[in-house]
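Me: I have a structure open here and would like to go through it with you, a bit at a time. Could you keep to what can be computed from the coordinates?
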Amino acid sequence: MFWILLITFSCQMFYYSDDEIRELEVSKVSSEYNIGITKAVSTSLKVLSFDNGIVQSHGSGNLLHVGNHLFVLTASHVIEDSKDIVLREKNGNMIAADVVYQNRYSDVAILIPYGEFTETKSTSYIVNRSHDLLAKRLYYFGYPENLDGILVTGFVSQTNYEKILMQSYAWFGASGSVVFDNVGRVVGIVHAIAMQIDPTTGSPITSENIVVVHRAYDLSRKTIRERLVDAKTKSRNPN
């Protein structure tokens, strides 16, 4: 009985199921342990776009899995027109990646990695499908400017099925970071910072404390799995 109570009060179980795959995840729960923060940090990667061996731009992304299929979720505009894509872990380890899915409207992209991760931990892809997330606290870990990575939190100020406006912080390079809720579900991907009009000059100015997050509401586990399986089949049969 003691062990049953211990499991009940110290762990939280998540059951994910679709047409083909069923997964059970057990996560630690306590007043000092936040699953969303832990997943945001442990899955984070810097996404580098190269052209002829020269870094053109960078963004952020996160390592996830569906069943035994690993993938990186990021923003479509982060890897737009990239000749080569490299994922960098916090310890400096570099892994090549290819794009297997892009939706420019929702600004979502899926990358398939080719290599072994030495530090980054994947987490199961499960989406928070709630329509109303108003005032909920969310988390992401990204790589703005030349920073080695920062953990960011904020409150939802507007929400619907397509996007969220979050009272938080973001800057160039944080785009593509996966946003998690407090139990570790994917809410969306950092898209941009809001723009405002300067009342004096009439010119657009950035508002880095208003972060636009595109929801991952319609990106199903089945779609991800199909794209990854298809990409792996093509890599084994180049003709």
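Me: Let's start with the largest pocket: how many residues line it, and which lie nearest its centre?
Reply: This is a predicted model, and in it the largest pocket is lined by 14 residues, with Tyr105, Ser106, Glu162, Arg215 and Asp218 lying nearest its centre.

Me: Which elements give two or more residues to that lining?
Reply: Those elements are β7 and β15, the latter running over residues 204-215.

Me: And what volume does the largest pocket have?
Reply: Its volume comes to about 320 Å³.

Me: How do the lining residues divide into nonpolar, polar and charged?
Reply: The lining of the largest pocket holds seven nonpolar residues, three polar ones and four charged ones.

Me: OK, switching to charges. How many salt bridges are there?
Reply: The count comes to two salt bridges. In one of them, the side chain of arginine 104 meets that of glutamate 80, with N and O 2.8 Å apart. This pair links distant parts of the chain, since arginine 104 sits in the loop between β7 (94-103) and β8 (108-114), while glutamate 80 sits in the loop between β5 (69-74) and β6 (84-88), 24 residues apart.

Me: Are those two buried or exposed?
Reply: Arginine 104 counts as exposed because its relative accessibility is 56%, whereas glutamate 80, at 29%, counts as partly exposed.

Me: Which residues form a salt bridge with N and O atoms 2.7 Å apart?
Reply: That one is formed by aspartate 181 and arginine 185, the 2.7 Å being the distance between their closest N and O atoms. Aspartate 181 counts as buried, with a relative accessibility of 3%, and arginine 185 is partly exposed, with a relative accessible area of 30%.

Me: What else does the side chain of aspartate 181 make a polar contact with?
Reply: The side chain of asparagine 128 makes a polar contact with the side chain of aspartate 181, at 2.9 Å. Asparagine 128 is placed in the loop between β9 and β10, and it is buried, with a relative accessible area of 3%. A polar atom of the asparagine 128 side chain also lies 2.9 Å from the backbone nitrogen of serine 130.

Me: Staying with that loop, which residue has a positive phi there?
Reply: Alanine 135, which lies in the loop between β9 (123-124) and β10 (137-142), has a positive phi of about 75° although it is not a glycine. Alanine 135 is exposed, with a relative accessible area of 51%.

Me: What about aspartate 107, where does it lie and what is its phi?
Reply: Aspartate 107 lies in the loop between β7 and β8, and its phi is near 55°, a positive value in a residue other than glycine. Aspartate 107 is buried, with a relative accessible area of 5%.

Me: How far is histidine 77 from aspartate 107, C-alpha to C-alpha?
Reply: Their C-alpha atoms are separated by 6.4 Å, although histidine 77 and aspartate 107 are 30 residues apart along the chain. Histidine 77 belongs to the loop between β5 and β6, and it is partly exposed, with a relative accessible area of 37%.

Me: Changing topic, which residues of helix α2 are buried?
Reply: Helix α2 covers residues 35-42, and its buried residues are Ile35, Gly36, Lys39 and Ala40. Seen down the axis of α2, these residues fall within an arc of 130°, so they line one face of the helix.

Me: What caps the N-terminal end of α2?
Reply: Asparagine 34 does, with a side-chain oxygen that lies 2.9 Å from the backbone nitrogen of glycine 36.

Me: Last one: where is serine 49, and how far apart in space are serine 49 and valine 78?
Reply: Serine 49 lies in strand β3, which covers residues 44-51, and it counts as buried at 2% relative accessibility. Serine 49 and valine 78 are 7.8 Å apart in space, C-alpha to C-alpha, and 29 residues apart in sequence.

Conventions. Residues numbered from 1 in each chain as written. Predicted model: local features only at pLDDT ≥ 70, side-chain atom pairs only at ≥ 80, totals over all residues. Heavy atoms only, no water. Salt bridge = Lys/Arg side-chain N within 4 Å of Asp/Glu carboxyl O. Helix = DSSP H or I, 4+ residues; strand = E, 2+ residues; numbered from the N terminus. Buried < 20%, exposed > 50% of the residue type's maximum accessible area, 1.4 Å probe, protein only. Arc of directions from axis to C-beta. Polar contact = N/O pair within 3.5 Å; in protein donor to acceptor, adjacent residues only side chain to side chain. 1 Å grid on protein atoms, 1.4 Å probe; cavity = no way out; pocket = protein on both sides within 12 Å on 5 of 7 lines; lining within 4 Å. Points joined across faces, edges and corners; volume = space filled by probe spheres on them. Nonpolar A, V, L, I, M, F, W, Y, C, P; charged D, E, K, R; others polar.
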